Amino acid sequence: MASSSSTAPTQSPPNPEGPSFSDFGITDSGEFYAKNNPFQRSGPVGATERIAMAKNDKVIYVRVDMPGVPKECLYLTTFPDNVVFCGGLAPVVCEGDRGRLYGASYGLRSHKLRKPQVNISNGVATVKMKVSKKSKTGTRCSNSPSWDEELKKDELSFYLVTHPSETEGPKETYGAKKVKEGFYVWVDMPGATKEKVSLGVEDGFVVFSGEAVNESNDEESGRTYKGRFGPFDVTKIGEIKTDVRNGVLRMLIPEKADE
């Protein structure tokens, strides 16, 4: 992990139960802005989205968030019944990390697909499907569970939903684990690049934010993320190391040994 520059740390009383996540993206109505990612503040919501059908070339684009998946671990399989299967593997990167597996089928109910393609950038896969004529029935996802069946209630009594295309691995979009050096922390930021992720320490909290640009010209906008983890006794933590790749922010917050 690379070292990260940060603002000058300030003091905040540590939590006797240990540091935790806070500063979620809550709307005026008291709900998460994005139920699939509590740190998202703007942009399209949901882990999957049909983006658009281009007017001229009759192409359907489907966005699928696959944080942690590199290009070499993305695959696409075409079936004769007008369906394509898109899957990806997010490998273990470092100690405290957990791998993830994604997979879902996409297609059209009544129109022939031609030359389906898939690409992935910063943890966001785009499935591109050309069709013989304009679809009247739209796309279908035949391997994704209903989000209504995947509700999860967090400690703040707000509802979150898990990724409908994730088949193995941690269902949460963020997490923290106590490791030998201190705390290993990870946060999904699909679409965000290293240059668009910021980190600092404010009032004892590690504050993180990120910006994701449009993955397709058909998307209305990119996405933004913001949150924090703590509090810490800033006199007892060292320089925070970060790693941003494939739409995942990873942090190692080292704890200094007692003198």
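Modeller: We can start with a lining. The residues around the largest cavity divide into 6 nonpolar, 6 polar and 6 charged. Keep in mind that this is a predicted model.

Biologist: What makes the space a cavity, and what volume does the largest cavity have?

Modeller: A cavity is a set of points where a 1.4 Å probe fits but cannot get out. The search of the whole structure finds 3 cavities of 30 Å³ or more, and the largest cavity has a volume of about 120 Å³.

Biologist: Which residues lie nearest the centre of the largest cavity?

Modeller: The lining has 18 residues, and Asn-36, Ala-47, His-163, Thr-173 and Asp-188 lie nearest the centre. β8 (100-108) and β19 (223-230) each supply at least two residues of that lining.

Biologist: How does the lining of the second largest cavity divide into nonpolar, polar and charged?

Modeller: The second largest cavity, with a volume of about 80 Å³, has a lining of 7 nonpolar, 1 polar and 4 charged residues. Among them are Pro-67, Gly-68, Tyr-184, Trp-186 and Arg-250. Gly counts as polar under the rule used.

Biologist: What is the make-up of the chain in helices and strands?

Modeller: The protein chain has 0 helices and 21 strands. Of its 259 residues, 48% count as buried, with buried meaning under 20% relative accessible area.

Biologist: Why is the pair of Phe-21 and Tyr-174 called edge-to-face?

Modeller: Two tests apply: the ring centres must lie within 6.5 Å, and planes over 60 degrees apart count as edge-to-face. Phe-21 and Tyr-174 are 4.8 Å centre to centre with 70 degrees between the planes, and the pair is edge-to-face.

Biologist: How do you know that this pair links distant parts of the chain?

Modeller: Phe-21 is in strand β2 (residues 20-22) and Tyr-174 in strand β15 (residues 174-178), 153 residues apart. Phe-21 and Tyr-174 are buried.

Biologist: What makes the pair of Phe-39 and Tyr-174 edge-to-face?

Modeller: The centres of the two rings are 5.2 Å apart and the planes stand at 75 degrees, so Phe-39 and Tyr-174 are an edge-to-face pair. Phe-39 lies in the loop between β2 and β3 (40-42) and Tyr-174 in strand β15, so the pair ties together parts 135 residues apart in sequence. Phe-39 and Tyr-174 are both buried.

Biologist: Which residues do ring pairs link into a cluster?

Modeller: The cluster includes Phe-21, Phe-39 and Tyr-174, along with Phe-24, Phe-32, Phe-183, Phe-208, Phe-229 and Phe-232. The count of aromatic pairs comes to 12.

Methods:
Residues are numbered from 1 along each chain as its sequence is written. This is a predicted model: local features need pLDDT of at least 70, side-chain atom pairs count only at pLDDT 80 or more; totals for chains, interfaces and linings use all residues. Side-chain values use heavy atoms; hydrogens and water are left out. On a 1 Å grid over the protein atoms alone, a cavity is a set of points where a 1.4 Å probe fits but cannot get out, and a pocket is an open set with protein on both sides within 12 Å along at least five of seven lines; lining residues have an atom within 4 Å of a point. Grid points are joined across faces, edges and corners, and a volume is the space filled by probe spheres set on the points. Helices (H or I, at least four residues) and strands (E, at least two) are DSSP runs, numbered from the N terminus. Buried means under 20% relative accessible area, exposed over 50%, partly exposed in between (1.4 Å probe, protein chains only). Rings of Phe, Tyr and Trp (its six-membered ring) pair if their centres lie within 6.5 Å; planes under 30 degrees apart count as stacked, over 60 as edge-to-face and the rest as tilted.
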